[in-house]
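This report describes selected features of a two-chain model. The sequence and structure are shown first.

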Amino acid sequence: MIFSQLVLARAGFIFQKYNLKIIEQQDNSLKLQSEYLVIIIAHNQLENSNTLWLGRNDKKIDKVEIDNETLKSFFDSNLKLSQVPIETFINNLVVFFENEAQPLLNGDINLINELEKFDLERSRKYTHDLLVSQNLAAANKAWETSNYKEFIKILDQIDKDDLPSSYRLKYKIAHQNV
Amino acid sequence: METENYYPFGLTQAGISSQAAGKMENNLKFNNGNELQSNEFSGGVSLNWYDAGHRSYDPQIGRFLQLDMFSDISYDFTPYAFANDNPMNFNDPSGLETGKPAKTDSTTTPGFENSKGGASNVLTGITVNSTRRYTVAQNLNSYTPDQIDWAVQSLLDNGARPEAIRNWALNNDLLNSETVERIYSATEPWSIKYRANLRSWDDAARKVAEFGVNAAALLIPGSELVEVLAEFREADALAEGAEAIEETAETVQSSEEGGLNLFKHNSAQAKNATGWKSGDRFLKMFDKGSPKLNWKQNSGFLRREMGAGKTIFDSYLKVDGTLQETGGFLNAERSLLQSRGWNFNQFLGGWTPPN
């Protein structure tokens, strides 16, 4: 059965209950909108994955991806929405909408704000960690070629609290060698 | 009666030209009467170049012998190209600008007597004909600041690059200093936007607001920016960023064109209709029947793109330019890039190849 029809067959009654209107429907994606919320539910055939996005009804294009980590950290829920088969995804979607997401569907602005804040913070941390690991990789290269000046320069760009202890030691040694 | 017949790029078809009859030579010929420098040395030795005013043109190779000084506005062609490599339809009598041969009609931009009102033709009008050049300069000098702004805006709307207009004004000794200054200030915002290669002014404002002036300055090389951004915040902080501006200039340059964009399937970012640059595209994928085979195909395509060594943009970003955490192929693509030493540049919104 087609993904979007499957979702509507199982979760349609919830969308009706919360006055969520379908504004875009394709075989593998469904976009719904209420006065407060935009919800996108999509299936990716190529990687056989399913995704739920939630966000306030505004012009901003980035909505919050509700994955397993968001469910656990923000909603304090053990439900799984990512890396599960379609059947499980839709079942869990219905459970999620009827329980954890109920205040959101009712238009709890504070909760939407908090969710966006959480997501932005997560995004920042993810990017920050990625940049730190990039810098550490570059520092490693400099260290291997005994380019201590470069090593120090790179590590100076990283907050010292983010440095693993071995790098702090190397940093000291590099300073002695320069 | 003298007739001349030419091959497209200007070599004389000797057998059927009046040259064959051994008559007195008329050297003002091809390319709207450029002088052919022939027989200038004893013993019949010739350069056989046309003197196109600002450059010499060699019809034997169909190329100018000097660089096009306006090469920044005709970047589709080699700076040595003659008449956009299309001599059947165009010529270039001055060596400065390609145009339709001997065709004039009414102007669309007051003060610029040009053939089509197109921006590049304004430059032709200014540079080719000294009388016209004088008239244009006089007109501009007599314009009110608002009229100059309007004229500049017309040029920009017609596709002229702000830097080309500025260079022209700066090098034009017929313009008075007030006019040059006004042209400079009228092109300023576009110049910055052009240099910064920002997707929109909102983008610029957002970057300044989110990252502070220092970080935004990293994006945007050029001293003018420092002045403009100083209006947003204090100027001192900007001075510190000056060195970094230089360092990142090269990276920003490489992002003038769009390129490959990684995306999250069905996300709003990937479906957004605005904000794309020319050349932006996605990895093409064909369903091979299983995620494993699809990833094999996807990673193969991505590796091939990585081989080109160009910035690979990431479309799944938050408003502040940070990466939206995700799983699936996008996460795997990011991991592949990172494991091969590619670096995510938050200000470019993309992955740059290892040095």
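## Basis of the model

The structure is a predicted model.

## Helices 5 and 6 of chain A

Helix 5 of chain A (109–144) comprises 36 residues and extends 52 Å from its first C-alpha to its last, close to the 52 Å expected at 1.5 Å a residue. Its buried residues are L115(A), D119(A), R122(A), S123(A), T127(A), A138(A), A139(A) and W143(A). The cover over the buried residues of helix 5 includes strand 5 (64–65), helix 6 and helix 7 of chain A. Just after helix 5, S146(A) adopts a positive phi of about 55°.

Helix 6 of chain A spans residues 148–156, and F151(A), I154(A) and L155(A) are buried in it. Viewed down the axis of helix 6, these buried residues fall within an arc of 95°, and therefore line one face of the helix. The face turned away from the buried side carries K149(A) and D156(A), which are exposed. Among the elements covering the buried residues of helix 6 are helix 5 and helix 7 (165–177) of chain A.

V152(B) lies in helix 4 of chain B, which runs over residues 145–157. V152(B) counts as buried because 23 other C-beta atoms lie within 10 Å, the threshold for burial being 20 or more.

Leaving aside residues up to four places away in sequence, V152(B) touches I165(B), I183(B), A186(B) and T187(B). I165(B) stands 13 residues from V152(B) along the chain, and the C-alpha atoms of the two are separated by 8.1 Å.

## The open sheet of chain B

Chain B contains an open sheet of 5 strands in the order 6-5-7-9-8, with mixed pairing. Strand 6 (281–282) and strand 8 are the edge strands, each pairing on one side only.

I312(B) has W351(B) as its bridge partner in strand 9.

## Contact between the chains

The contact draws 29 residues from chain A and 24 residues from chain B. On the side of chain B that touches chain A, at least two residues each come from helix 10 (268–271), helix 11 (291–307), helix 12 (328–339) and strand 8 (343–345). The residues of this side of chain B comprise 13 polar, 7 nonpolar and 4 charged.

Technical notes. Residues are numbered from 1 along each chain as its sequence is written. Chains are lettered from A and ligands numbered from 1 in the order in which they are written. This is a predicted model: local features need pLDDT of at least 70, side-chain atom pairs count only at pLDDT 80 or more; totals for chains, interfaces and linings use all residues. Helices (H or I, at least four residues) and strands (E, at least two) are DSSP runs, numbered from the N terminus. A residue is buried if 20 or more other C-beta atoms lie within 10 Å of its own, exposed if 12 or fewer, and partly exposed in between; C-beta atoms are placed from the backbone. Two residues are in contact if their C-beta atoms, placed from the backbone, lie within 7 Å. Ala, Val, Leu, Ile, Met, Phe, Trp, Tyr, Cys and Pro count as nonpolar, Asp, Glu, Lys and Arg as charged, and the others, Gly among them, as polar. Two strands pair if DSSP finds at least two bridges between them. The arc is that of the directions from the helix axis to the C-beta atoms. The expected span of a helix is 1.5 Å times one less than its number of residues.
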